[in-house]
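Here is a short briefing on a protein model. Please look over the sequence and the coordinates before reading on.

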Amino acid sequence: LRVLHTAEGVWYSATDLLNWMGCAHRTALDADALDSRAPRSKDPEGPEQAADVVELRPYGPDGPVFSAPETARGDMHERAMRQSLEAQGLHVEEISRESGFPTAEGVRAAVERTREAMRAGVDVVFQAALLDAPWFGFADFLVRVDGVASDFGDFAYEIRDTKLARHPAASALIQMAHYGAILEKEQGAAPPSLVIWLGTGEAYSKPYDDAAPYVLEARRRFLAFVEDRPTTTGQPCSACDRCRWQGVCSAEWGDADLINVHRLTRQQRLQFQDSRIATIEQLASAPNTARPTGMSTKTFDRLREQAAVQTGTDPFVLIRPQSRAKGLARVPAPDPGDIYFDLEGDPFAGTATSATLDYLWAYCDATGTTYARWAHDEQEERAAFTWFMETLQKKDAEGGDWHLYHYNSYEVTSLRRVADNWPDPVRGMAWRNEVDRLVASRFVDLYFVVENGIRTQKGTTSLKLVERLAGYERPSVEGVVALAADSIVAYEQYVMSDDDDLKARLLEGIRVYNEHDVRATLATHLWLHAVSAELSQADLEDEPEQSPPSEKSLERVALIAAMRDRLLAAVTSDSGARA
Ligand code: SF4
């Protein structure tokens, strides 16, 4: 909650509104924490002395919710946009503000400087401070639009914000409409547009009037919520991953909660709760009659079996029966020509054609010998792609029964992405055809095999867990990189640093990490092939010729139907909700 306690009460930001829209329990927990930490003025009559800040930083359980790379890249994007405005000959007035978390006085002073800049009619106000208590916020840019009458004259300002995303998100529009609502009061005219400068450099524009009614209604409901807080409970949701209360809620749910069952969705958890099944133990021993209405027998059986494995003592069990085409039976026997492929990609390194740069291309052969190419820009990425694809084409032409093994879909997606973005579309199409041909004939996704072939007691099928089942041990001390997320952070440090020694150490840390990934994939292949021998013909089943709709899609259709019914009910019963 980026909230300020002031002498006039509590001020809220767009982050508070968005957090509440994501999970009201989060707002309730924030508010409880703020209540317990609210500043107590020695002199309640003295407004300036009473004004103070209670800060709940937007931190998750393991550190900042926004990673260092996101923050650094966000700042770079913002600076680039400022430079592009200046290059157009526009005067950009930056509103200075105190460093760190804002204070009430600091916000008021910055708001006053923003007003002065707007009254003076500057072209662009950068880091504008906006306040219409109890709402406040800091907009990246206010840009002057001539010919729109406002309290300032024959011009008004519109909101422009920079976002790293390559597509506009609803949350960005809500945040900007929140700024727009404050700006409308400030200048006596609605801002004409909300403009998002995307990570691609493109501008996405939306009329303010399209978003404003929704945001004003959301703000009204938010204030009603914080003023008269109802009792809330935490329900796992998409906001949890970036929530500072994750540790608190996880502890409340406990290890026994159904949320810890592998591939059990939030919706299924609610369905089970309706059937009075709340823990993994209860699900593991649930009778057939406990299957929730609307859940297929296949899904119920899968989840119950998974719960049984997670409450059992075996580190893993083979799924019986399992698909001949998808499970362990599809793992080819080891071949001296086999290779094991793994990419390291950075979702922030952004090239002209893609948000992601795959900066390390690596594989090992059947002996564990590794081969790698670095790619620090788009051209080098294409060179690494060509090197890798030509290696595969040469091996393919030589024949043999070798296969390429990888873990999960990232590598195939990347190969297709690079081919599809080739500058010469004819060449790109030829590459794409080659990728598809080799994927169909030579590639084996071991993650797919694991998901369809075994259930693990730990309830995860990540390579880091499966490689341990396979007996692969990574050294406990690996330098700077131990996880895929660390690899991205290390690479971003490499990009931003001018220190050659540090850069070399960072790349070496990533290289060693990746080397373990490809060798762990090799170990996993050998292990999966060995355990597949435990399956008899009776354990295998063929896929039906024409697969019926998947359980996932059927459940999604049911979910959408229920949501549609709720929306229609609201429209007909409450004209306010309709607005
Ligand atoms: S962890 Fe999830 S359920 Fe708990 S407060 Fe945060 S968003 Fe809500």
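Predicted model: local features only at pLDDT ≥ 70, side-chain atom pairs only at ≥ 80, totals over all residues.

Residues are numbered from 1 along each chain as its sequence is written, and side-chain values use heavy atoms, with hydrogens and water left out.

**Overall**
- The protein has 20 helices and 19 strands, taken as DSSP runs numbered from the N terminus (helices H or I, at least four residues; strands E, at least two).
- Of its 579 residues, 46% are buried, that is, under 20% relative accessible area with a 1.4 Å probe, protein chains only.
- Among contacts (heavy atoms within 4.5 Å) with a separation of 6 or more, 67% join residues 24 or more positions apart.
- The accessible surface (Shrake-Rupley method, 1.4 Å probe) is about 28800 Å², and carbon and sulfur atoms supply 51% of that.

**Sheet**
- An open sheet of 6 strands runs in the order S5-S6-S7-S8-S9-S10 with mixed pairing, where a pair requires at least two DSSP bridges.
- Strand S5 (92-94) and strand S10 (203-207) are the edge strands, each pairing on one side only.
- Neighbouring strands are turned by 40° on average, direction ignored, with axes fitted to C-alpha atoms (for helices over the stretch in contact) and angles otherwise running from 0 to 180 degrees between N-to-C directions.
- Strand S9 (193-197) pairs with S10 in the antiparallel sense over 5 bridges; Trp 197 has Ala 203 of S10 as its bridge partner.

**Helices**
- Helix H5 (104-120) lies across S5, S6 (124-132), S7 (135-150) and S8 (153-162), at about 125° to S6.
- Helix H7 (208-227) packs on the sheet, touching S7, S9 and S10, and its direction makes about 75° with that of S10.
- The axes of H6 and H7 come within 9 Å and cross at roughly 90°, so H6 is roughly perpendicular to H7 (the class for 65 to 115 degrees).
- Residues in this contact include Ala 177 and His 178 of H6, and Tyr 208 and Ala 211 of H7.

- Leu 194 touches, among others, Ile 159, Leu 173, Met 176 and Ala 177, not counting residues up to four places away in sequence.

Terms used: Buried < 20%, exposed > 50% of the residue type's maximum accessible area, 1.4 Å probe, protein only. Parallel < 35°, antiparallel > 145°, perpendicular 65-115°, else oblique.
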